[in-house]
Amino acid sequence: MLTLRRLLAAHEEAIIETGTAWVREVAAVDLAGRPASETRALVAESVRTYAALLLAGDPRPRDAFIERVTTLRSNLRFRISTLLRGFFAFHRALEPILARDSVPHQLAFDILRRVDAACFEAAFLTADTYARKLHEVVDTAQRELLRREKLAALGGLVAGVAHEINTPLGVAITAVSLMQDCVDELSHAFAAGGLRQRDLRDGLARAGEAGGMALGNLQRAAGLVTGFKQLAVDQSSESRRRVALGPHLCELVASLAPLYRRGPHRVDVDVRAAVLVDTYPGALAQIVTNLLQNALVHAFPEGHVGTVTLSIARADDGRVELGCADDGVGIPPRLLRRIYEPFFTTARGSGGSGLGLHIVHNLVTELLCGTIDTESEPGRGARFTIRFPADPGA
Ligand SMILES: Nc1ncnc2c1ncn2[C@@H]1O[C@H](COP(=O)(O)OP(=O)(O)OP(=O)(O)O)[C@@H](O)[C@H]1O
Ligand SMILES: [Mg+2]
């Protein structure tokens, strides 16, 4: 390498000049509008970096150089292709010098081979570093997008909740003011000493009716608020523990007997695999309760006797599979797409809020780190399949 050291010392300026001219010629687009001195400085820096790498075998200046040009800020000044051209310029400029100085052929060949190897190694390293940094940028951008999406969804949700709660509250206010009118009328008549028995009976009946209406609507509003509170999946307030899923599900279904014991429908539990999971039992209970309740409320029309089957198995990919299937009326395809939307319900008239499956979806994806799939055909029942890792923290 003595020859190379001598050549570099003698011709460094010429190598830098030739390299700069070559880079500007091949990198016309990259360097448009940039002063030639910038290109020269870049080529000079790469020549020195290579010299250090080739002569001293010290990779540190090269790594520092790559780090510098691949950081976000430097990328704005020099595109990656410009940097690589800077590396190759060194090689190009050295070639005629090696020939001109009548260096022995074999030695010139050896030097060029080493320079080549160093150029390619640096090119790959640079590309790797650059790709890694790009990944970081993309990841950050993705996280930010997700955060914004969630915020937008939350905004929509809050507006929806306000709208939903407004209706029962409005009805309750009307009913209560009606009640107040009735009571006022009665007390006026009483004070004037002209309260007839029939007026009292009618007034009390009207007030009672309005009271019932107010109570029902206030209860509905309170139910909505409770449902909305459950939407906030707060991991810290949920205790996590290890449970044997089979026995746990059997206990859970037994505790939900009031939902189905008096009715004609059957609820089966089918445990096909013994699975121990590190999970949130509160969330699991909420998920199972909502799915079971939905099947009992929506799947079976009057006079139809149905079966709901809750099952546990291991999915092919090792995750836990929790299923809830019924043999009821099923969900038409045009509704299937919407069932997880907040406030989507086909049972608004009978007190459905449309928050049940939305809460289930949130719990499954946010807390259990899992997925939920629905299959259904009209007339052939519905099946909800939840898959989640047995130990999400592992
Ligand atoms: N097993 C099922 N069979 C048929 N339809 C279903 C079934 N489960 C859910 N659905 C449909 O999906 C809709 C949304 O369900 P979701 O649980 O979100 O709301 P909901 O049950 O109507 O109200 P809430 O659960 O808040 O009381 C239901 O209104 C119903 O139309
Ligand atoms: Mg429901």
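On a 1 Å grid over the protein atoms alone, a cavity is a set of points where a 1.4 Å probe fits but cannot get out, while a pocket is an open set with protein on both sides within 12 Å along at least five of seven lines; lining residues have an atom within 4 Å of a point. This is a predicted model, where local features need pLDDT of at least 70, side-chain atom pairs count only at pLDDT 80 or more, and totals for chains, interfaces and linings use all residues. Residues are numbered from 1 along each chain as its sequence is written, and side-chain values use heavy atoms, with hydrogens and water left out.

Let's start with the cavity. The structure has one cavity of 30 Å³ or more. Around it sit Leu245, His248, Leu249, Leu252, Leu284, Val288, Ile312 and Leu322. Four of the lining residues come from α9, the largest share.

Asn294, Val297, His298, Thr345 and Gly356 are the closest to its centre, out of 37 lining residues.

| Space | Volume | Lining by class |
|---|---|---|
| Largest pocket | about 910 Å³ | 17 nonpolar, 19 polar, one charged |
| Largest cavity | about 40 Å³ | seven nonpolar, one polar, no charged |

A volume is the space filled by probe spheres set on the points, which are joined across faces, edges and corners. Ala, Val, Leu, Ile, Met, Phe, Trp, Tyr, Cys and Pro count as nonpolar, Asp, Glu, Lys and Arg as charged, and the others, Gly among them, as polar. Helices (H or I, at least four residues) are DSSP runs, numbered from the N terminus.

Conventions: Chains lettered and ligands numbered in written order. Helix = DSSP H or I, 4+ residues; strand = E, 2+ residues; numbered from the N terminus.
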